[in-house]
Amino acid sequence: MMSSIFYGVVVFLIGLAVGSFLNVVIYRIPRGENIAFPASHCPKCGHNLKWYHNIPLFSWLFLGGKCAFCKEPISKRYPLVEFINALIWLVVYLKVGFNIEALFIAMTFSALLALSAIDFEYFAVPDSVNFFALATALLASISKSFMNGDWHYAINAFIASAVTAGGLWLLAKIISLISKKEAMGGADVIVAGTMGAMLGLSHFFVAIFLSSILAIIPSLKAKDTMVPFVPFLALATFIVFLYDKDVDKLLMWIMNG
Ligand SMILES: [Zn+2]
């Protein structure tokens with residue numbers, strides 16, 4: 001009991017630190033900047049941050065959401081991404097355990113969180129983060145196979161990933177042939193591949209259905225403006241991952257009348 005609380009706290013703190021790194025990714029990758037150099041600095045005044053200005057979540061709270069040097073407000077996105085990511089890592093640990101599979105699953109959802117934030121701001125997602133999510137999702141299935149000595153997990157994940165990505169690619173081709181417009185980007189195809197690897201085929205379709213429902217209200221509110229779809233795909237993927245047993249029951253109930 002004590003050790004699981006200890007691990008939970010450790011995982012939460014690692015999640016905060018990874019969330020802090022995600023903020024760097026979210027800010028720098030769309031700008032084409034290096035994610036390792038230079039050191040963290042205020043985007044407004046360019047002042048380099050001291051280590052105690054850079055503690056996830058807490059620094060933002062202590063500084064009252066303002067830069068320590070120029071007092072410009074710092075976006076709430078920073079503490080929000082850190083906190084959400086820490087929760088994701090904690091939940092994945094509670095569901096999967098303290099092992100290599102959980103690590104790769106948590107990394108996949110972190111990458112999806114970064115993609116969601118970037119899509120939200122720029123209506124486009126960078127290939128590097130997108131392919132990273134696909135790679136870690138597939139590595140999670142390989143890890144599960146290693147841990148259980150059963151290659152079915154990895155084989156099923158690779159097949160589901162190929163079918164979902166390939167299926168969406170084909171669908172996009174057909175729609176763009178008929179409508180003579182570019183229907184979906186290659187980015188959506190990669191996200192679908194990641195979802196397929198994480199969820200398997202039947203749960204992938206549940207997640208797609210759920211993401212459409214989640215996107216209805218924001219789409220109606222936005223009217224003519226674009227609505228980023230990756231955040232809804234990511235959220236639906238996380239919900240279906242979390243409630244996989246209930247999704248199984250739901251699918252059984254639908255198929256058996
Ligand atoms: Zn500043």
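This is a predicted model: local features need pLDDT of at least 70, side-chain atom pairs count only at pLDDT 80 or more; totals for chains, interfaces and linings use all residues.
Residues are numbered from 1 along each chain as its sequence is written.

Helix α8 spans residues 201–222 and helix α9 residues 230–242. Helices are DSSP runs (H or I, at least four residues), numbered from the N terminus. The axes come within 8 Å and cross at roughly 130 degrees. Axes are lines fitted to C-alpha atoms over the stretch in contact, with angles from 0 to 180 degrees between N-to-C directions. The contact (C-beta atoms, placed from the backbone, within 7 Å) includes His203, Val206 and Leu210 of α8 and Phe232, Leu235 and Ile239 of α9. It has 11 nonpolar, three polar and no charged residues. Ala, Val, Leu, Ile, Met, Phe, Trp, Tyr, Cys and Pro count as nonpolar, Asp, Glu, Lys and Arg as charged, and the others, Gly among them, as polar.

The chain is assigned domain 1 (1–98) and domain 2 (100–257), with bounds from an automatic or database domain assignment. Their C-alpha centres lie 25 Å apart. In domain 1, 19 residues are in contact with 15 residues of domain 2. On the domain 1 side, α1 (2–28) and α3 (77–96) each supply at least two residues. The largest share, 11 residues, comes from α3. This side divides into 15 nonpolar, two polar and two charged residues.

How values were computed
Two residues are in contact if their C-beta atoms, placed from the backbone, lie within 7 Å.
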